[in-house]
Amino acid sequence: MTGFPTGLLFDDALAIVRDVAAAHRLETETLALSRTHGRILAGDIHAPLSLPPFDNSAMDGFAVRHADLGDGETTLRLVGEQFAGRSTGLQVGPGECLRITTGAPLPVGADAVVIKENARVDGDRVTVGGDVAPGSNVRFAGEDVAAGDQVLRAGSLLTPARVSLAASMGLASLPVVRRPTVAVFSSGDELVEPGMALAPGEIYDSNRELLMGLLRADGLEPTAWPRLPDDPKRVEIALRDAACAFDIVITCGAVSAGEKDHIPSVLAQFGQTHFWKVRMKPGMPLLFGSLDQARVLGLPGNPVSVFATYLSFGRALVDALQGRTDPRPLERAQLLGPIDKAHPRREFMRARVFCDDHGVLRADPNPAIGSHRLRAVADSNALIVIPDGPQRLAAGEVVEVLRYA
Ligand code: AMP
Ligand code: MG
């Protein structure tokens, strides 16, 4: 296979993933509100009503007319009670007040609420202090949202607060983008299922759990496919089979230049290769293409490569297929020690990120070298992103970090 000898720049490869995914954006489905958490909103939402819907009390106390109150204490006549949840139609006339609870509609005539702690009650006489401004302790209709406002944007992640905002406007369902279905493959004749005995030369399959866990943490329900042997026909049949049933096919292993690396040729022969090889470390042999109805992401087999490529490209694919416009939060941290990088590729280095005693986020790089060292991943909680090109970074310099734990 030819055509991608040196690999693409990281950003160019990422742009291709986003463009291809945007051209295959998944369809919209309307779901009951309780099922929309964590999903991507498919359309703009305009407020069907104002929030609050009516003027109401912010506190438990007494609804009063501000004009009745002098500078010192004033005694008012208690003419009834207005609790939250029903409108009594009671009015507050001159010299009168009403007992009121938080969230209860402000009665006609009243324009302020005196909190109960600042009032003395004696039968139907209520004595209040003078220091009450008009509008005190009143929540006015529409002060949060005016009916017709655009309150949620298409492409937004539906966080608990946004779903709750939709609920507060009476919306029982929302349009969301369908989540991609994902088939996960691991491949290699040397791989053995945990729990089985190892023969000489064999290792346990650890990538499958890694990928399944990362995908589930991103809210997906991936399907693990039976492990692939290093057999071109078996690889071809399994991938083509999965590609007609899933939106995303993620493989790991068998994408480099080895004799047993059959995935790139299957894609080239039966589908379309969007790119193969990216100037990143680890993860250089990353492959991206389309096969039947699926986008195919071929991750290199080394466990740390799986990690770096999934966090940067896998997530971008998942997000773009759903039209997510909310960026993932960008985090930066100060390096605890220097980093000297001579090669031109973007590098992803394991690190422990923590907040120091001064409230500064710091990144302590893990010295383990080699993209096979999973223990260093488990001991760390983030990947430091070291930019393209040779870099001499001093301790204290700020780098981007991708936190994963
Ligand atoms: P490959 O890209 O197939 O040449 O694999 C690169 C390295 O990753 C080899 O040392 C493989 O044994 C290892 N590897 C590939 N797949 C897995 C997996 N699922 N779990 C653990 N190691 C793997
Ligand atoms: Mg292999």
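Select Glu190 and ligand 1: a polar side-chain atom of Glu190 lies 2.5 Å from an oxygen atom of the ligand. This is a polar contact, meaning a pair of N or O atoms within 3.5 Å; within protein, one must be able to donate a hydrogen and the other to accept it, and residues adjacent in sequence count only if both atoms are side-chain atoms. The model is predicted: local features need pLDDT of at least 70 and side-chain atom pairs count only at pLDDT 80 or more, while totals for chains, interfaces and linings use all residues. Residues are numbered from 1 along each chain as its sequence is written, chains are lettered from A and ligands numbered from 1 in the order in which they are written, and side-chain values use heavy atoms, with hydrogens and water left out.

**Around the ligand**

An N or O atom in the side chain of Asp205 is 2.8 Å from a nitrogen atom of ligand 1. How many residues surround ligand 1? There are 14, and the closest are Glu190, Asp205, Ser206, Ala254 and Gly301. A residue belongs to this set if one of its heavy atoms lies within 4 Å of the ligand.

Ala254 lies in the loop between strand 17 (248–252) and helix 5. Helices (H or I, at least four residues) and strands (E, at least two) are DSSP runs, numbered from the N terminus. The phi of Ala254 is near 60 degrees, a positive value in a residue other than glycine. Most residues other than glycine have a negative phi, and most peptide bonds are trans.

Now go to Leu51 and Pro52, which are joined by a cis peptide bond with omega about -10 degrees. Pro52 is in the loop between strand 2 (45–46) and strand 3 (56–57). Then select Lys281 and Pro282, where another cis peptide bond has omega about -5 degrees. Pro282 sits in the loop between strand 19 (280–281) and strand 20 (287–291).

**Helix pairs**

Show helix 4 (residues 232–243) and helix 5 (residues 263–270). Their axes come within 10 Å and cross at roughly 55 degrees. Axes are lines fitted to C-alpha atoms, for helices over the stretch in contact, and angles run from 0 to 180 degrees between N-to-C directions. Helix 4 is therefore oblique to helix 5; angles under 35 degrees count as roughly parallel, over 145 as roughly antiparallel, 65 to 115 as roughly perpendicular and the rest as oblique. Pro232, Val235, Glu236, Leu239 and Arg240 of helix 4 make the contact (heavy atoms within 4.5 Å) with Ile263, Val266 and Phe270 of helix 5.

Move to helix 3 (residues 207–217) and helix 6 (residues 303–321), whose axes come within 10 Å and cross at roughly 20 degrees. These two helices are therefore roughly parallel. From helix 3, Asn207, Leu210, Leu211, Leu214 and Leu215 meet Pro303, Val306, Phe307, Tyr310 and Leu311 of helix 6.

Residues to select here include Phe10, Ala13 and Leu14 in helix 1 and Ser312, Phe313 and Ala316 in helix 6.
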